[in-house]
Amino acid sequence: MKNCIEVKNLVKEYKTVRAIDDLTFEVHEGEILGLLGPNGSGKSTTINCILSLLNFSKGSIKIFGKKMDVNAYEIKRNIGVVFQDVSVFEELNVIDNIDYFCGLYIKDKKLRKTYIEDAIALVGLENYKKFYPKQLSGGLLRRLNIACGIAHKPKLIFLDEPTVAVDPQSRNNILDGIEKLREEGATIVYTTHYMEEVEILCDRVIILDKGKIIASGTCDALKTLANIEEKVTVEVLDLPPKVLEKIKEFKNVEEVSYLDNILFITYKKGKNNLSELMEFLKEKRVNYNKIFSERPTLNDVFLELTGKELRD
């Protein structure tokens, strides 16, 4: 598969701190790559180095098979960037904002008009063309931000937390738009803290921590790294303490908690965990209303690999 981005042995140092530590990876043409990591893991630094917004200490970066540097304007005109912080002009309405950013790359007015209409349709802003940013909701503003970043139809797009703090309707619209961009041939590097979005969108995932790749692969492949096998949730109105203690002694149980009439059980490895639990509850004459079992999620793997403690 042809590579759109090639990063080899990348190192970025800040005095005594090594933010990026000998990083090597590729982004394949036409894929959506999830670039994940906790705060301070090196995601933003990596992206800024790729975009030549930061100088790096060692290594090499190629985009579209050519060396990327600050003067590589032919490469840059085929890149779209949508940062987490919304960057639009308050004094311009929706269509004029998109026109301005698209005009940085597309000089032909007729072609630019077509591109602008395509971008508006992609993010669902047809009914808001004459609205100013202050008149838009948070979700609509994010959709405008995306339209400004992709209106010139770039081949490579960086999306940094595009759905943060938006309503479910806007989130679904944004995710649908990202799928359409891929269908139109764009390669996308996607960063987010919402693991369910990664599972929906991304073909591959790279997890960074402390400037290094600690895991990479498809979502299904990464889930096999989890130390847990199964998570079970049971709605129990009255669970005797003695029964709870017995469940904690089950051979394959990793963790057990009981809160607000909900029993949570995390199993390590093993088979028939659910049937064993149901038989035990029946034996102890414990009535339950609902029981639900699920396999490890990408979020479980992420927390196992990067730790559960909060980071600034």
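# Legends to the close-up views

**The sulfur of cysteine 148 is too far for a bond from the closest cysteine sulfur, that of cysteine 102, at 9.6 Å.** The model shown is predicted: local features need pLDDT of at least 70 and side-chain atom pairs count only at pLDDT 80 or more, while totals for chains, interfaces and linings use all residues. Residues are numbered from 1 along each chain as its sequence is written, and side-chain values use heavy atoms, with hydrogens and water left out. A disulfide here is a pair of cysteine sulfur atoms within 2.5 Å, and the structure holds 0 of them. Cysteine 148 is buried, at 7% relative accessibility; buried means under 20% relative accessible area and exposed over 50%, with partly exposed in between (1.4 Å probe, protein chains only).

**The sulfur of cysteine 49 is also too far from another cysteine sulfur for a bond.** The closest cysteine sulfur belongs to cysteine 4, 17 Å away. Cysteine 49 has a relative accessible area of 1% and therefore counts as buried.

Helices (H or I, at least four residues) and strands (E, at least two) are DSSP runs, numbered from the N terminus. Along the principal axes, the C-alpha atoms fill a box of roughly 75 × 50 × 35 Å. Of the 312 residues, 46% count as buried. The accessible surface comes to about 16,900 Å², and 49% of this belongs to carbon and sulfur atoms; areas come from the Shrake-Rupley method with a 1.4 Å probe, and for residues only the protein chains shown count as cover. Contact means heavy atoms within 4.5 Å. Among contacts between residues at least 6 apart in sequence, 67% join residues at least 24 apart.

**The largest pocket holds about 430 Å³ of space.** Pockets and cavities are found on a 1 Å grid over the protein atoms alone: a cavity is a set of points where a 1.4 Å probe fits but cannot get out, and a pocket is an open set with protein on both sides within 12 Å along at least five of seven lines; lining residues have an atom within 4 Å of a point. Grid points are joined across faces, edges and corners, and a volume is the space filled by probe spheres set on the points. The largest pocket has 18 lining residues, and Ile79, Gly80, Val81, Phe83 and Tyr105 lie nearest its centre. Strand S6 (79-82) and helix H5 (138-150) are the elements that give two or more residues to this lining. S6 gives the most, with 4 residues. By class, the lining has 11 nonpolar, 5 polar and 2 charged residues. Ala, Val, Leu, Ile, Met, Phe, Trp, Tyr, Cys and Pro count as nonpolar, Asp, Glu, Lys and Arg as charged, and the others, Gly among them, as polar.

**The second largest pocket has a volume of about 380 Å³.** Its lining is made of 17 residues, with Ile228, Lys231, Glu255, Thr266 and Lys308 closest to the centre. Two or more lining residues come from each of strand S11 (230-235), strand S12 (253-259), strand S13 (262-267) and helix H11 (298-306). S12 supplies the largest share, 4 residues. The lining divides into 6 nonpolar, 4 polar and 7 charged residues.

Leucine 263 is buried, at 0% relative accessibility. Its contacts, leaving aside neighbours within four places in sequence, are Val232, Thr233, Val234, Val236, Leu239, Leu244, Ile247, Val256, Ser257 and Tyr258. Valine 232 is 31 residues from leucine 263 in sequence, and the two are 8.0 Å apart in space, C-alpha to C-alpha.

**The largest cavity holds about 40 Å³ of space.** The count comes to 1 cavity of 30 Å³ or more. Leu122, Val123, Ile146, Asn173, Ile174, Gly177, Ile178 and Leu181 line the largest cavity. Helix H4 (109-123) and helix H6 (168-183) each supply at least two of the lining residues, and H6 gives the most, with 5. The lining has 6 nonpolar residues, 2 polar and no charged.

**Lysine 15 has a positive phi of about 55 degrees although it is not a glycine.** Most residues other than glycine have a negative phi. Lysine 15 sits in the loop between strand S1 (3-14) and strand S2 (17-28). Lysine 15 is exposed, at 86% relative accessibility.

**Glutamate 161, not a glycine, has a positive phi of about 50 degrees.** Glutamate 161 is in the loop between strand S7 (156-160) and H6. With a relative accessible area of 5%, glutamate 161 is buried.
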